[in-house]
Structure formats: C-alpha cells, structure tokens
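Hi,

Here's the structure I promised to pass on to you.

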Amino acid sequence: MPLREVEFPSDPKDLEHAQERFLIFYSSRVNGQLWCPDCVAVDRTIQDTFGPEDGPSAVIVYVGRKPEWKTPSNIFRGEPWQITSVPTVIKVEDSKVAGRLDSDINALLATFIQE
C-alpha cells in the first residue's frame, strides 16, 4: 500500500483510527525538503519499506517546521503519541501504541515491522 501523508497541523487523536498499521512521524518539508537531517537519513529506508504496493500500511505524519516542532506544546508531544524525537515509527494495534522505534531506524526497521 503506498504511503499516505498527513500535513501539519492535524488532530493527533484522528490518527488513533487510522487504517494504517504504522505511523511515521517526520519533520515537515520546507521548500520540498525535510528540515531534519535524521529524517533525511532514514527516508530511503522508509520509502523502500512502506512505499511498495505490497508493503506494510503506513502514514507519514509531519510534525511541523522546526520552530513548531521545538515548542514543548507541539501537538504530537502529548497524548496519545508522546513523540520526543523525529523520526519516530509507531506500530499501532487496536488504536493503541504497540511499539515505538525512534533510533537506529535504518538498522532496526525490518525487524521492528515483523515483531
């Protein structure tokens, strides 16, 4: 299933009922580019894993431009997702967080999606 994208701002609670099994939290794009170097570093792995038609279902959620993300009141820092860094991949089961991967995504993603 191709990757779907949700632009900032969006209601974090709306994502609880997303059809996708994985939520990928990324920096927003500025002039077509992700502002976060860590997001850029994992983007090829994310696209290769979730982009193909037969790949796991996922949605990319943009958390805002750098000043929006850096504020403690960013809507994704609170419930229900409690994102502390981007990129973060969350596995969702029954509208709840079933797993979280926020470091070593390039190395650990293949195992994480199989768990």
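**What I found**

The model is a predicted one. Its five strands make an open sheet with mixed pairing, and the order across it is E1-E5-E2-E6-E7. Strand E1 (4-6) and E7 are the edge strands: each has a single partner strand, so one side of each has no neighbour in the sheet. From one strand to the next, the twist averages 25°.

E1 pairs with strand E5 (residues 58-62) in the parallel sense, over three bridges.

Now for the helices. H1 lies across E2, E5 and E6, and runs at about 155° to E2. H3 packs on the sheet too, where it touches E2, E6 and E7, and its direction makes about 145° with that of E7.

Which of its residues are buried? They are Ile105, Leu109, Phe112 and Ile113. These residues cover an arc of only 85° around the axis, so they sit on the same side of H3. The general idea is that an α-helix has 3.6 residues a turn, so residues three or four places apart point the same way. On the face turned away from the buried side of H3 you'll find the exposed residues Ala107, Ala110 and Gln114. And what covers the buried residues? The cover includes strand E2 (22-26), helix H1 (37-50), strand E6 (88-93) and strand E7 (96-101).

Next, the aromatic rings. How many aromatic pairs does the structure hold? There are four. One of them is Phe25 with Trp81, a tilted pair with 6.4 Å centre to centre and 45° between the planes. Phe25 belongs to strand E2, while Trp81 is in the loop between helix H2 (66-70) and E6, so this pair ties together parts that are 56 residues apart in sequence. Phe25 is buried, with a relative accessible area of 0%, and Trp81 counts as buried as well, at 1% relative accessibility. Elsewhere, ring pairs link Phe22, Phe50 and Phe112 into a cluster.

Arg77 lies over the face of Trp69, at 3.9 Å from the ring centre.

Cheers

Technical notes
Residues are numbered from 1 along each chain as its sequence is written. This is a predicted model: local features need pLDDT of at least 70, side-chain atom pairs count only at pLDDT 80 or more; totals for chains, interfaces and linings use all residues. Side-chain values use heavy atoms; hydrogens and water are left out. Buried means under 20% relative accessible area, exposed over 50%, partly exposed in between (1.4 Å probe, protein chains only). Helices (H or I, at least four residues) and strands (E, at least two) are DSSP runs, numbered from the N terminus. The arc is that of the directions from the helix axis to the C-beta atoms. Contact means heavy atoms within 4.5 Å. Two strands pair if DSSP finds at least two bridges between them. Axes are lines fitted to C-alpha atoms, for helices over the stretch in contact, and angles run from 0 to 180 degrees between N-to-C directions. Rings of Phe, Tyr and Trp (its six-membered ring) pair if their centres lie within 6.5 Å; planes under 30 degrees apart count as stacked, over 60 as edge-to-face and the rest as tilted. A charge sits over a ring if NZ of Lys or CZ of Arg is within 6 Å of the ring centre and within 35 degrees of the ring normal.
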